[in-house]
Amino acid sequence: MTEPAIDVEHLTVSYGPVPALLDVSFSVPPGTLVGVIGPNGSGKSTLIKTILGFLKPDVGQVRVFGQPTDRIKGSVAYVPQRSAVDWDFPVTVREVALMGRYGKVPWYRSLSPEDYAAAEEALRRVRMQQLADRQIGQLSGGQQQRVFMARAMAQGAQVLLLDEPFAGVDAATESAILDVLRETKAAGRTLVVVHHDLATAAEYFDRLLLLKQRVYAYGEPREVLRADLLTQVYEGRLRVFAQVLEGGDAEERGDEGERADR
Amino acid sequence: MIDWLTELQRSNPHLIKALLVGTLVSTACGVTGCWIILRRMAFLADALAHAMLAGVVAGFLVMKLLFASQSYAPAMLIGSVFAALFTVVVVGWVSRVSRIKEDTVIGITYTGVFALGGVLLSFFSRHVHIDVVHFLTGQLLAVRMADLWAMAFVTVFVLSVYILFYRSLQLVAFDRVLAASIGIPVLAFDYLLTACTSFVVVSGVNVVGVILVVGLLIIPAATAYLLCDRLPRMLALSALFGWTSFIVGYLWAEAVNVAPGSAVVVTGAAQFFVVLLIAPRYGVLADWLRRRRMIPQMLIEDVLRSVLKSRQDTISLAQLVTLMGGSVDRLTQAVKQLIREGLLVRDGENVRLTDQGRDYAMRLQRAHRLWETYLASVGTPQRELHDRADAMEHVHDEQAVDYLDDRLGHPLHDPHGSEIPEDFVHLVPGAVVPLAMLREGHRGEVVRLENESLESDFALGMLLTVKARSRDGHQWNVELPDGRVLGLSHQEADRVWVKLRVE
Ligand SMILES: Nc1ncnc2c1ncn2[C@@H]1O[C@H](COP(=O)(O)OP(=O)(O)O)[C@@H](O)[C@H]1O
Ligand SMILES: [Mg+2]
């Protein structure tokens, strides 16, 4: 049995009296593309920040390739939620990509030509090298998302955590980002992606984690996108998701049809 | 000029010292200010400045009582840094353990510590001879050698910190989560930055006094922020602005004989407002010019709808001008932009809607007519209806429009009797929607029933054909596969979910 890339055990994280995460356990094998779904405030960003080691859990632990989080130092890359970034910060696209290399260079040394080359290469992969000298606030939503993707790639980490990379991007960017995610996965890396669109969740991810403070389901999309579970988690907002559920049902009916044909 | 300076030098033997101290302090303040505004700590800097009074007095007392040394600058410096750090720790602690928000805690703590300084000062008034007026307005005119050395030390210290730890400071300011994940001790850097801020605040107090030192910290940094998109440039420019506001302020203060500290900050503020006005990208003028050149979305949308109203979706520019009025120039620009966005195409002399443009225009039409119906239903006077709807059609967010549609009972016509376009965003083949959204002629398969009483008439998988509505559009009529026609209320029709058939 190979060691899991991410192993989360009995995680409880709280900001106040109400825990943001409660007894969360799951593990992700290497080379998997996992989607995290759940309504607003369900603790998705908190989970990401805890895996990164930014938040300290009250209970439980996170291991990345067997190492506790305070030991991983830079082997986990991260793409923040759009709303968490100060887009007015005086920093250019290239400088953001370079930040991916900061973890590899001790503070008393300056960045090497290889670091610059790695940042440049990452920008090329997300097709942002033309805009490398722009300040990050002067980009479209999709371009902004790609800059942070580049930063994560420049880090060369084995594990990537992305917080809502598809929020506020157009369809073309969405598919471009998806391509990058799949390439990264094909290179053997492990990705955990917070996702808000249930309609595409089954298509994009190998596994889904349905989260609302607790883990409601974790596994193949088909096992997770069940009407009863989604009703429980997205109470009262189900009307919006009727399409998703029906889409799932239709697929099942399609499968049965095939079987009957045979 | 030179004459005037020599003259000044003769009349004021402190001139060179004052200029040197001012240069050091304004540079250190300018650079530190950048970190402060990028980390949104401006209020904290103000708090530190006030808290220092207690520290200065304590430092003075310690030296005086233990070593019998009169106003020894380094001791007062260390005392104030302690007071500042104490304030920061208390602020952090109180906002963690209570529900009081940080800005309130800062307000409480710094006034408290400032007042404590006042109490100490008056209680030990026999021992302490600190000129409170100087503390409030600076003592540039009486700078001592010890002060000069203290300033030099502070400036060199903070600049070295910023240079050595540039990457870490930048990352902690920009993305704490990434910083922490690569092993940068973010909390330690918070305290380091606070310590540096206290140092420069303490040193700045000597120049401009406790009330104005925040100005010297924040104003040059904010001025530079308006001009720069890169942090290294912002740091350099901010130091420069700090220096120019000091030099210019100090010299004119000498010339017209006013308080130099105030003159320095007034100069800085003037500098800021000039830059705010004329900055090439983030300035007020630039913004105004940009906005003038920009075609508002509303004009664009009005043009689209005018083209939709014309025959065969095509219209000449001249017709457009007579139809819409307003400036020909701006209409031409709006049309150009629509062509660029692929919503209109040129067709000889005319412009025509593309499929995408037609969709957009129809969405606007739907929003317009639904708003008009809605406005009428909430009692808007008839003669205002059209103009109000014209303004409201630009609120065409899908969810908002869906809400109106549902609330009005999915009306077919607006108050003038024009047909309201159907919801073609959601009514696409294969979509699952409530029956109530369908129009005459639509066909769909029942996929869900939200009400058990409906199960006597409908079954899952049943194919329905929608007939014309009756009772003023309040009754939905559907034909079942066996030819029966059932009448449903809006509520019932909302509870039958169908999957739209591909026709
Ligand atoms: N810094 C914070 N301080 C206090 N509460 C927080 C903080 N960050 C998040 N929370 C709370 O924790 C819960 C989970 O938040 P979050 O992880 O951001 O959810 P999601 O990313 O799924 O929207 C929410 O109830 C939110 O209000
Ligand atoms: Mg979130």
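Trainee: Is B:Asn257 buried, partly exposed or exposed?

Mentor: This is a predicted model, where local features need pLDDT of at least 70, side-chain atom pairs count only at pLDDT 80 or more, and totals for chains, interfaces and linings use all residues. Residues are numbered from 1 along each chain as its sequence is written, chains are lettered from A and ligands numbered from 1 in the order written, and side-chain values use heavy atoms, without hydrogens or water. Buried means under 20% relative accessible area, exposed over 50%, and partly exposed in between, with a 1.4 Å probe and protein chains only. B:Asn257 has 69% relative accessibility, so the class is exposed.

Trainee: Where does B:Asn257 sit, and what is its phi near?

Mentor: B:Asn257 lies in the loop between helix H12 (231–256) and helix H13 (260–278) of chain B. Helices here are DSSP runs of H or I with at least four residues, strands are runs of E with at least two, and both are numbered from the N terminus. B:Asn257 is not a glycine, yet its phi is positive, near 60°.

Trainee: At what angle do H11(B) and H12(B) cross?

Mentor: Helix H11 covers residues 213–227 of chain B. Axes are lines fitted to C-alpha atoms, for helices over the stretch in contact, and angles run from 0 to 180 degrees between N-to-C directions. The axes of H11(B) and H12(B) come within 8 Å and cross at roughly 135°.

Trainee: Which word describes H11(B) relative to H12(B)?

Mentor: Under 35 degrees is roughly parallel, over 145 roughly antiparallel, 65 to 115 roughly perpendicular, and the rest oblique. The angle is roughly 135°. That makes H11(B), relative to H12(B), oblique.

Trainee: What is the handedness of the crossing of H11(B) and H12(B)?

Mentor: A crossing is left-handed if the near helix is turned anticlockwise from the far one by less than a right angle, and right-handed if clockwise. For H11(B) and H12(B), the crossing is right-handed.

Trainee: How many nonpolar, polar and charged residues make the contact of H11(B) with H12(B)?

Mentor: H11(B) brings B:Pro220, B:Ala221, B:Thr223, B:Ala224, B:Tyr225 and B:Leu227 to meet B:Met234, B:Leu237, B:Ser238, B:Phe241 and B:Gly242 of H12(B). Contact means heavy atoms within 4.5 Å. Ala, Val, Leu, Ile, Met, Phe, Trp, Tyr, Cys and Pro count as nonpolar, Asp, Glu, Lys and Arg as charged, and the others, Gly among them, as polar. By class, this contact has eight nonpolar, three polar and no charged residues.

Trainee: How do the residues divide where H3(A) and H4(A) touch?

Mentor: Helix H3 (residues 113–125) and helix H4 (residues 141–154) of chain A have axes within 8 Å that cross at roughly 135°, and H3(A) passes H4(A) in a right-handed crossing. H3(A) contributes A:Ala118, A:Ala119, A:Ala122, A:Leu123 and A:Arg125, and H4(A) contributes A:Ala150, A:Met153 and A:Ala154. The classes are seven nonpolar, no polar and one charged.

Trainee: Which residues are the protein donors of the magnesium ion?

Mentor: Donors are N, O and S atoms within 2.8 Å of the metal (3.2 Å for Na, K and Ca), and water is not among the atoms, so sites may look incomplete. The ion is ligand 2, and its donor atoms, OG and OE1, lie 2.1 to 2.6 Å from it. They belong to A:Ser45 and A:Gln81.

Trainee: How many residues apart in sequence are the parts tied together by that pair?

Mentor: A:Ser45 lies in helix H1 (residues 44–52) of chain A, and A:Gln81 in the loop between strand S6 (76–79) and helix H2 (93–99) of chain A. A:Ser45 is buried at 18% relative accessible area, whereas A:Gln81 is partly exposed at 24%. The pair ties together parts whose separation in sequence is 36 residues.

Trainee: Which residues does B:Ser198 contact, leaving aside its neighbours within four places?

Mentor: B:Ser198 belongs to helix H10 (residues 186–208) of chain B. It is buried, with a relative accessible area of 1%. Beyond those close neighbours in sequence, its contacts are B:Leu48, B:Val81 and B:Ala84.

Trainee: What distance separates the C-alpha atoms of A:Val64 and A:Ser27?

Mentor: A:Val64 is in strand S4 (residues 59–64) of chain A and is buried, at 2% relative accessible area. A:Ser27 is 37 residues away along the chain, but the C-alpha separation is 9.7 Å.

Trainee: What percentage of the residues of chain B count as buried?

Mentor: Chain B has 21 helices and nine strands. In helix H8 (residues 166–174), eight of nine residues are buried, including B:Leu169 and B:Phe174. Over the 503 residues of chain B, the buried share is 49%.
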